[in-house]
Amino acid sequence: MSRWFRLLYAATVIAIAAGAAVLAGTLVLTLIGARPLATFGVVFSGPLRDVFSATEILVRAVPLTLVALGIAISFRSGILNIGAEGQIMMGILGSSALALKLSGWPGFVLLPACLAAGALAGAAWGGIAGFLRARFDVNEILSTVMLNYIAGQLYTFLLRGPMIDPAELMTGSGTPQSMRIPRAAWLDRLVPGTRLHSGLLLALALAFLTWLLLWRTTLGYRMRAAGAGRKAARYAGVRVERSLVVAMLFAGGFAGLAGAVEVLGVHHRAIEAISSGYGFAGIVVALFGGLHPAGIVPAAAFFGLLLVGADMTQRAEGVPANMILVLQGAIILAIVSANMYLNNPYAQERAARFFRRLGLARSPAASAEEGP
Amino acid sequence: MSAGHMVYDIVSLGVPFSVALLLAALGENFNQRAGVFNLGCDGVMSMGAFLAFLAPYFIRSGPIAPFTNLVGFALAAAGGALLGLLFALVTVTFRAPQGIAGIGLQLLAGGVAGTAFRHFVGGVTGVGGVATWPVPGLSRIPLLGGILFDHNPVVYLAFLAVPASSYLLHQTPWGLRLRAVGTHPRAADTMGISVPRVRYQALVLGGAMAGIGGAYLSLCQAKMFADDLVAGRGFIAVALVYFGRWSPWGIMGGALLFSLAQAFQLSIQVGGIHFPYEFAVMLPYVLVILVLALARRSRKLGPAALGRPYDREVRV
C-alpha cells in the first residue's frame, strides 16, 4: 500500500467519524426543535466574541487539562480511570479544608500546601481503585464509578454538616457550602476583571512534566509497558500490579489537583456542583488528545470552547446544557471506532482490496514494483 | 415498631425494588455470555425510563389511553434495543474497546434522555404508573403472600424471566450458540456460527431488557422521571452479573441482596434512627465494591472471550 493510500485512508476514517459525531448532535438538536446550524454557530463563535468569554474557555481548559493528563497516564498504564469526578471532589474537600484550618498562614506556604492537599486527597481516592484492582482484581471501571457515587454523598454530607459556613446556619438559608477560604490561599488572577488564574501555568507545566514522566523516565516506561502488554511486561521484570496502583495514584492526584485549582482559583469556597462533569469531559479530552500531553492541551482548549459555548446556547437557543453529554458520548464512540480502523492493518488491507476492485487504486503488482 | 414488623417491611419492599436491577442484569448477562460487556447499561436504563414515562405523560385520553403503560414498556424496549444495536455496531463491527465505548454509550444515552426530558417535560411530574395487582388467592397466604404475591404485574413477569433466561441460555440451540460465541468465538466461527450475528442478537436483547428495567423505575417504582433516577443501577447490574457468576439464578440472588440492603437503608431513615442520610445512600455502592472484591475467584468462571473483539482475519 502506498503512503498516499494510507494518508487518504486515515483522512477518510477521521472525516467519517467526525461526520458521525456531528450527525448525532444534529439529530438530537432537531429532535428537540432547535436549529442545529444556529446552535453550532453559537457554540463555536459565541465564546470568541469578547475577551471575558474567551478567557472563560481557558478557565475551563485548566481543570480539563489536569484531569485528562491523569487519565492519559492511567489509560496508557492499562487501567481505565472513570473516577475523576469523585477524585475532583476529594481534591476540593482536601484543599479547602486545609485552607480553612490554616487560615492564618502566609500565602507562599499555604497555597502550595493546599494544592498538595488536594492532589493527595484525589490520589488517595484513586489509589483505592488501583489497590482493589491490583490486590482483588476488581474491575476498575465499576469500582471508580461506585467511588464517584460514594464521593458525591460524602461531599454533600460534609458541605451540609461539618464544613458548612456558620453564616449559612445563622441566616437560615442553609446553602450547602463551606466558608470562604483565606485570600492568601487564592491563585493569582492573570487578567484583571476575568476569572483566568495562574492555574493555567501550572497545567501547562504539568503537561510537560507528564510527557517527561511517561517518555523519559524508567517509571513511565514501566507503566507504559504494563499497559501495552501485561504478560510481556511481567516477563521483563515489571511489577505490573504496582504500576497499576502508581498509575491510579497519579490519575487521582491530577484530578484532585484539578479540584484544588478550581477552588483556589475560581470559586474560593467549596460549593456544590463545582466539577459539573469535568471528570467525564476529561476522558473525552484525553482520548481526543491521543493520550499525549501535546494533544491534550489543544484538546482541552477545544472542549473548553465547547463547554462555554454549550452554556451560551442554553441562553441563546434554549438548548439544555445536558446536550454537551450527548456530544461527548458521540465523540467517544466516534473516536474509539475510528481508532480501530486507523490502527488495524487488516482493516486497511480490506479497504485497499475494496478500492482495487473499484479500480481506484493501483494493482498489488504495481505497488510491489515500487519497492520499499 | 417491632423487629418482626421491620423485617417483614424490609423484605416486602426489597422484592419489588430488585426488579429494575434484575431485568437489566439478566439482559447484561446475555451480552456477557456472548463475549461483550456493555457498560452503557446505565444510560440505556435512563433512556428506557424516559421513553416509558413519555407514554402516560402525553397520552391522557383517547382509545389507547388505558394501555399507556404497555405502550411505555414497548417504547422502552424498542429504544433499548436500538441502543443495543448502536453498541453492537461500535463494538462488534468496528471492534472498539468495550469498556470505554460503554462509557461513551452511557454519556450519549443518558444525555439524550436528560436533554429531551428538559425540552419535552421540564420539571418533575408524576404519572399514574402501574397499579398493584395481588395474585388472587395466593396473595392472602399469611406473610409469604405479602412478600411474593402483592405487587404490580411486572414484578411477577421479571421473576419469571429468571427461569426463562436460564432455559434460553442452557436448553436452546440459540443459547448454545450464544455461549459458544462468548467462550471460543474462533471455534464457533469454524462450526459455521456467525459470531457477529449472534453478538448483535445478544446486544439487542440485552439492550431491550435494560430499557424495560429502566421503564420499571419510571412507571412502577418512582412513577416519575428525573435525570438521576437510575442513579448508577446500570453499573450495579453489570457488577451483579459478576456476582451471580453469569447464572440467572445467581443474578437473582444478587439483585435481591442489593434491594434488601436498599430497603434496609430506607427503613433506617423512616424509622427515625439517627444516622446521616448520605451514609445510608452510600451503602449499596459500598456493597458493590465489597462484593466485587469478594467475588474475585468467580472471575475464572466467566465467558473466556469476554471483552475481546473477534476478527476472523487476525492470524493467530
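**View 1. Leu70(B) in its helix.** Leu70(B) is found in helix α3 of chain B, residues 68-93. Helices are DSSP runs of H or I with at least four residues, strands are runs of E with at least two, and both are numbered from the N terminus. The model is predicted: local features need pLDDT of at least 70, side-chain atom pairs count only at pLDDT 80 or more, and totals for chains, interfaces and linings use all residues. Residues are numbered from 1 along each chain as its sequence is written, while chains are lettered from A and ligands numbered from 1 in the order in which they are written. Leu70(B) counts as partly exposed because it has 13 C-beta neighbours inside 10 Å. The cut-offs: buried means 20 or more other C-beta atoms within 10 Å of the residue's own, exposed means 12 or fewer, and partly exposed lies in between, with C-beta atoms placed from the backbone. Pro56(B) is 14 residues from Leu70(B) along the chain, and their C-alpha atoms are separated by 9.4 Å.

**View 2. The fold of chain B.** Chain B has 12 helices and 0 strands. Its radius of gyration is 20 Å, close to the 20 Å of the globule rule for 316 residues, so chain B is as compact as a globular protein of that length. The radius is taken over C-alpha atoms, and the rule is 2.2 Å times the number of residues to the power 0.38. The C-alpha trace spans about 65 × 45 × 40 Å along its principal axes. Of the 316 residues, 52% are buried.

**View 3. The side of chain B that touches chain A.** Here 42 residues of chain B are in contact with 38 residues of chain A. Contact means C-beta atoms, placed from the backbone, within 7 Å. Elements giving two or more residues to the chain B side are α4 (98-120), α10 (233-243) and α12 (277-294). The largest share, 16 residues, comes from α4(B). By class, this side has 27 nonpolar, 8 polar and 7 charged residues. Ala, Val, Leu, Ile, Met, Phe, Trp, Tyr, Cys and Pro count as nonpolar, Asp, Glu, Lys and Arg as charged, and the others, Gly among them, as polar.

**View 4. Helices α12 and α13 of chain A.** α12(A) (residues 278-288) and α13(A) (residues 293-316) pack at about 135°, with axes 8 Å apart. Axes are lines fitted to C-alpha atoms, for helices over the stretch in contact, and angles run from 0 to 180 degrees between N-to-C directions. That angle makes α12(A) oblique to α13(A). Angles under 35 degrees are roughly parallel, over 145 roughly antiparallel, 65 to 115 roughly perpendicular, and the rest oblique. Contact residues include Val284(A) and Phe288(A) of α12(A), and Phe303(A) and Leu307(A) of α13(A). The contact has 10 nonpolar residues, no polar and no charged.

**View 5. Helices α1 and α14 of chain A.** α1(A) (residues 3-31) and α14(A) (residues 323-343) pack at about 160°, with axes 9 Å apart. The two helices are therefore roughly antiparallel. Among the contact residues are Ala10(A), Ala17(A) and Gly25(A) of α1(A), and Met323(A), Ser337(A) and Tyr341(A) of α14(A). By class, this contact has 19 nonpolar, 2 polar and no charged residues.

Terms used
Two residues are in contact if their C-beta atoms, placed from the backbone, lie within 7 Å.
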